[in-house]
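User: Hello! I have a two-chain model open and would like to go through it by question and answer. Could you take me through the chains and the place where they meet?

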Amino acid sequence: MEPLVHVRDLKVRFVSRDSTVHAVNGVDFDLAPRETLCILGESGSGKSVTLRSLMRLNPPRLTKMTGTVRVGGHDLVTTSERSLADIRGSVVSMIFQEPMTALDPVFTIGMQIRETIRRHETISREDAERRALELLELVQIPSAKRRLAAYPHELSGGLRQRAMIAIALSCRPKLLLADEPTTALDATVQIQILLLLRKLQQDMGMGVIFVTHDLGVAAEIADRVAVMYAGRFIEEGPVSALMRDPLHPYAQGLLGATVHGGVRGKRLTTIPGAPPNLAQVPTGCAFAPRCAYVEPACLAAVPAARSPIPGRAARCIRVPDHAVSTAA
Amino acid sequence: MIFYLIRRVLYAIPISLAVSLVCFMLVHIAPGDPINAIVPPDAPQAVVEQIKHEYGLDKPLPVQFGLWLYQVSQGDLGRSLATGRSVWSDLRPATANTLRLAVTASLIGFVLGLILGGLAGTFRGTWIDRIATTFAVAGVSIPHYWLGMVMVILFSVTLGALPAMGAGPGGATDWAWDWAHIQYLILPAVTLSVIPMGIITRTVRGVVGEIMNQDFVNTLRGKGMLPRNIFLHVVKNAAPNALSVMGLQLGYLMGGSILVETVFSWPGTGFLLNSAIFQRDIPLLQGTILVLALFFVALNLIVDLVQTALDPRIKRS
């Protein structure tokens with residue numbers, strides 16, 4: 001069976017007159033239907049750019065995108081703007097980080113849901129209205145009927161994000177992309193939104209790709225986690241295994257710098273140095289300058305993905321590669 | 001909404017009162033004696049006093065203001081010192097002429113400004129943007145009395161295509177929307193439209209550019225909306241800002257066309273003001289300024305109400 005998402009050697013560069021930023025430098029992954037992948041990384045690691053590439057939403061005039069990106073059988077790299085617009089919102093849709101600014105301030109919530117439905121389906125105004133109401137109930141917005149006529153500024157941050165989710169789900173997409181959807185929310189609201197997303201994912205059978213820098217969020221929602229650094233997946237694996245026993249020194253550093261159950265009583269560590277400038281990508285392992293285990297071989301070439309056990313992989317020369325047969 | 005409307009209309013009353021006070025004071029602070037303009041220099045003092053008394057100019061200023069305000073509230077703007085005719089009989093056709101000129105000029109300016117500004121804002125940083133911005137800068141920078149004279153030389157003197165002055169073959173009073181009259185309107189209207197064109201272009205360019213950079217436009221693209229759907233969202237977001245600038249511009253054109261009306265001898269309020277100033281015709285001056293100022297107040301009121309209707313974030317109660 002064809003995976004829902006199929007990405008091979010995805011490269012994204014932002015080209016301006018002064019500089020070229022290599023935001024994504026060769027990302028490969030597949031996502032099965034109903035699977036949840038969490039892309040983990042710090043600011044500027046290319047995680048949001050990777051996510052937006054899955055609906056070709058990076059600014060078109062500046063972006064150079066190469067490689068293979070197939071979502072639900074559609075080739076997103078070569079398809080026309082017009083058929084792209086048909087795919088967006090119906091096959092794949094996105095929830096954004098800032099519910100404050102991601103909704104149009106001068107149109108009601110109801111109208112913003114209705115226009116999405118009517119863009120993709122031939123449906124009467126009344127039916128669209130009814131669907132919009134059902135969607136608001138689906139995302140558990142209290143007094144949904146009244147909220148249809150509300151403007152975004154009349155809702156709290158959590159309700160706004162629920163409305164955003166309702167818009168994203170309005171045409172039952174096969175793939176839901178979530179770009180740090182809980183980062184801008186209060187901690188108590190964060191967990192509600194996460195639980196809601198997980199429930200909706202199970203009920204509707206969507207594939208979900210979730211971008212976050214929050215390990216706790218990843219642990220809560222993901223089946224699989226990919227850790228991103230300098231535009232590459234440096235480690236990928238099932239969420240529990242990766243959290244328990246990270247392979248890549250960067251992933252180890254990331255876990256060591258975060259409060260979670262396993263490190264009670266110990267001091268948090270930090271990763272020395274700063275991420276590389278993506279206008280000049282190093283030839284070797286991008287993490288080498290900050291790595292405690294760096295060897296001359298690390299600087300020679302970008303380490304290939306090595307897989308010590310099936311389902312796990314890391315781009316580090318120190319990781320043993322036992323699964324030549326399964327990697328193929 | 002209805003309470004907001006009533007409150008907003010009530011606010012306009014004290015504003016209008018203040019405006020009329022300022023009009024009155026400004027005219028009286030200005031140097032020059034109106035009586036000197038209408039009596040011969042060698043007239044005996046008794047005659048001068050007599051005329052001052054007839055026009056009420058011998059009373060203290062606050063009393064004069066009170067009397068004037070009372071008359072104005074009765075719809076009587078007084079009599080012109082220069083002609084002896086009632087101010088209203090001169091002011092009414094002049095206001096109508098200025099309205100025609102200002103509305104035509106702003107229509108030209110607004111349409112061009114909206115198109116140029118919308119294109120420039122959408123295609124920011126491209127050659128389209130640069131061309132539109134050049135037009136906008138030229139529009140605000142070129143002095144319009146100079147442009148008016150160039151237009152007269154080009155289209156009236158050299159080409160002989162359009163009349164250079166006046167408001168129609170029969171003068172000021174018999175306006176009709178036919179070619180015989182409209183051809184008189186073209187040159188002054190185009191000349192007058194250049195400044196609002198430039199200002200609207202710049203405003204709309206800024207507003208549209210800012211909106212296109214907002215996150216919600218990305219959301220719209222992300223849910224598959226087509227460019228024409230997105231256009232609708234941009235228009236509704238840009239409208240309140242663009243409208244407020246357009247309202248102000250129309251207000252300026254109503255009062256600010258003195259130079260253009262003088263260049264083209266267009267018999268409007270600017271023309272009237274100009275002659276009233278030179279003749280120290282105080283009642284005419286006060287009446288004209290008052291009418292123009294009230295237009296401005298009314299325009300602001302309309303803009304406020306339309307803005308409130310368009311932008312749900314402006315509090316209505």
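**Two chains and their interface**

Analyst: Happy to, and let us start with chain B: of its 317 residues, 44% are buried. Please keep in mind that this is a predicted model.

User: What box do the C-alpha atoms of chain B fill, and what percentage of its contacts between residues at least 6 apart join residues at least 24 apart?

Analyst: Taken along the principal axes, the box of chain B is roughly 85 × 60 × 35 Å. As for the contacts in chain B between residues at least 6 apart in sequence, the share joining residues at least 24 apart is 74%.

User: Is Thr201(B) buried or exposed?

Analyst: Thr201(B) belongs to helix 8 of chain B, residues 179-212. Its relative accessible area is 1%. The cut-off for burial is under 20%, so Thr201(B) counts as buried.

User: Which residues is Thr201(B) in contact with, leaving aside neighbours within four places in sequence?

Analyst: We set aside the neighbours within four places in sequence and look at what else Thr201(B) touches. The contacts of Thr201(B) are then Ala132(B), Ala136(B), Leu112(B), Gly113(B), Leu116(B) and Gly117(B).

User: Now chain A. Why is chain A said to be as compact as a globular protein of its length?

Analyst: Chain A has twelve helices and eleven strands. For 328 residues the globule rule gives 20 Å, and chain A is close to that, so it is as compact as a globular protein of that length, with a radius of gyration of 21 Å.

User: What percentage of chain A is buried, and what does its C-alpha trace span?

Analyst: The C-alpha trace of chain A spans about 65 × 50 × 45 Å along its principal axes. Of the 328 residues in chain A, the share that count as buried is 54%.

User: Why is helix 10 of chain A described as largely enclosed, and what does it pack against?

Analyst: Helix 10 of chain A, residues 249-256, has eight residues and six of them are buried, so the rest of the structure largely encloses it. Those buried residues are Pro249(A), Tyr250(A), Ala251(A), Gly253(A), Leu254(A) and Leu255(A). Their packing partners in chain A are strand 3 (36-40), strand 9 (224-229), strand 10 (232-238), helix 8 (215-221) and helix 9 (239-244).

User: How many residues of each chain are in contact, and what area do the chains bury between them?

Analyst: At the interface, 29 residues of chain A are in contact with 24 residues of chain B. Carbon and sulfur atoms account for 57% of the area buried between chain A and chain B, which is about 2,200 Å².

User: Which side chains form the salt bridge between chain A and chain B?

Analyst: The count of salt bridges between the two chains is one. With an N to O distance of 3.0 Å, the pair is Glu115(A) and Lys223(B).

User: Which helix supplies the largest share of the side of chain A that touches chain B?

Analyst: Helix 2 (81-87), helix 3 (109-120) and helix 6 (157-169) of chain A each supply at least two residues of that side. The largest share is five residues, and it comes from helix 3 of chain A.

User: And how does that side of chain A divide by class?

Analyst: Sorted by class, the side of chain A touching chain B has seven charged, seven polar and 15 nonpolar residues.

Note on methods. Residues are numbered from 1 along each chain as its sequence is written. Chains are lettered from A and ligands numbered from 1 in the order in which they are written. This is a predicted model: local features need pLDDT of at least 70, side-chain atom pairs count only at pLDDT 80 or more; totals for chains, interfaces and linings use all residues. Side-chain values use heavy atoms; hydrogens and water are left out. Contact means heavy atoms within 4.5 Å. Buried area is the accessible area (1.4 Å probe) that two parts lose on being put together, summed over both. A salt bridge is a side-chain nitrogen of Lys or Arg within 4 Å of a carboxyl oxygen of Asp or Glu. Helices (H or I, at least four residues) and strands (E, at least two) are DSSP runs, numbered from the N terminus. Ala, Val, Leu, Ile, Met, Phe, Trp, Tyr, Cys and Pro count as nonpolar, Asp, Glu, Lys and Arg as charged, and the others, Gly among them, as polar. The radius of gyration is taken over C-alpha atoms; the globule rule is 2.2 Å times the number of residues to the power 0.38. Buried means under 20% relative accessible area, exposed over 50%, partly exposed in between (1.4 Å probe, protein chains only).
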